[in-house]
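Open the model in your viewer and keep the selection tool at hand. We will go stop by stop.

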Amino acid sequence: MSGTETAGAQSKSTPEAAEAPEVGESDNPAAPEAEWDLEVRPQHAIMTARIVAALLALIFIIAGVLLRNGSTGVNFRLADQLGLAVFGLLLGSAVLLLTRPRVRVGKRGVVVRNILGDMEFRWEDIRGISFADKKSWARLELVHDEYVPMMAIRTNDKLRAAAAMDRFRELGAKYTAENAG
C-alpha cells in the first residue's frame with residue numbers, strides 16, 4: 001500500500017502528533033469487533049450533530065406547545081401541535097444520521113460506513129488513504145483511480161485524524177505485506 005497524499009495533508013511526525021489521543025481501538029477481545037485493529041468515528045461531528053438534533057426537536061416541541069390561537073385567526077388544534085412536535089423529532093432523527101460514519105480496519109480489509117450502508121474493501125483493492133485539497137474528510141483510494149469518501153476521518157478532528165491516518169497506513173503496510181508473502 002502506498003501512502004499517497006495530496007498537498008492538503010501532512011503526515012510528518014511531530015511532537016504534537018505524539019500527544020494525539022488514541023483512536024478507538026477495540027478494548028473487548030470477546031466482542032465481534034475484535035477482528036478490527038482500528039475503528040474510527042468522527043468526534044466533533046458526532047457532538048455537533050447531537051446538539052443540533054436536540055435543539056431542532058426542542059424548538060419544534062416548544063413551538064407545538066405554544067402555538068394555540070394566533071392573532072391572525074389561525075387555530076392550531078391538538079393534532080397540529082402533535083404534528084409539529086413529531087416533525088421536530090423526525091428532523092432531529094435525520095440529523096442524527098450524521099453520527100453513523102465509521103471506518104474499521106483489520107486483516108480482512110477496510111469497512112467504510114458513511115451515512116447509509118457499509119462498504120467493505122479487500123487490501124488488494126486499496127491503493128492508499130489521503131486528504132484531497134480543501135475537503136473535510138479523508139478518502140480511501142482504490143485501484144483503477146477510484147476513491148471512496150471516509151466521513152469518519154475529518155479534518156476538524158485534527159490530531160485525532162492524523163493519528164488515525166498514521167495507524168491506517170501502518171496496518172495497511174502490515175496486511176498488504178502479509179497478503180503478498
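This is a predicted model: local features need pLDDT of at least 70, side-chain atom pairs count only at pLDDT 80 or more; totals for chains, interfaces and linings use all residues.

Residues are numbered from 1 along each chain as its sequence is written, and side-chain values use heavy atoms, with hydrogens and water left out.

**Stop 1: confidence.** Colour by pLDDT (the predictor's confidence in each residue, from 0 to 100). The mean is 81, and 77% of the residues reach 70 or more. Now select residues 1-22: pLDDT is below 50 here, and the stretch has 35 contacts beyond near neighbours in sequence. Residues 24-31 are also below 50, with 10 such contacts. A contact means heavy atoms within 4.5 Å.

**Stop 2: helix α2.** Select residues 43-66, which form helix α2. Helices are DSSP runs (H or I, at least four residues), strands likewise (E, at least two), numbered from the N terminus. Pick Ile51 in this helix. Ile51 counts as partly exposed because its relative accessibility is 47%; buried means under 20%, exposed over 50%, partly exposed in between (1.4 Å probe, protein chains only).

**Stop 3: strand β2.** Select residues 102-106, strand β2, and find Arg104 there. Arg104 has 13% relative accessibility, so it counts as buried. Show the side chain of Glu39 too: a polar contact of 2.8 Å joins it to that of Arg104. A polar contact is a pair of N or O atoms within 3.5 Å; within protein, one must be able to donate a hydrogen and the other to accept it, and residues adjacent in sequence count only if both atoms are side-chain atoms.
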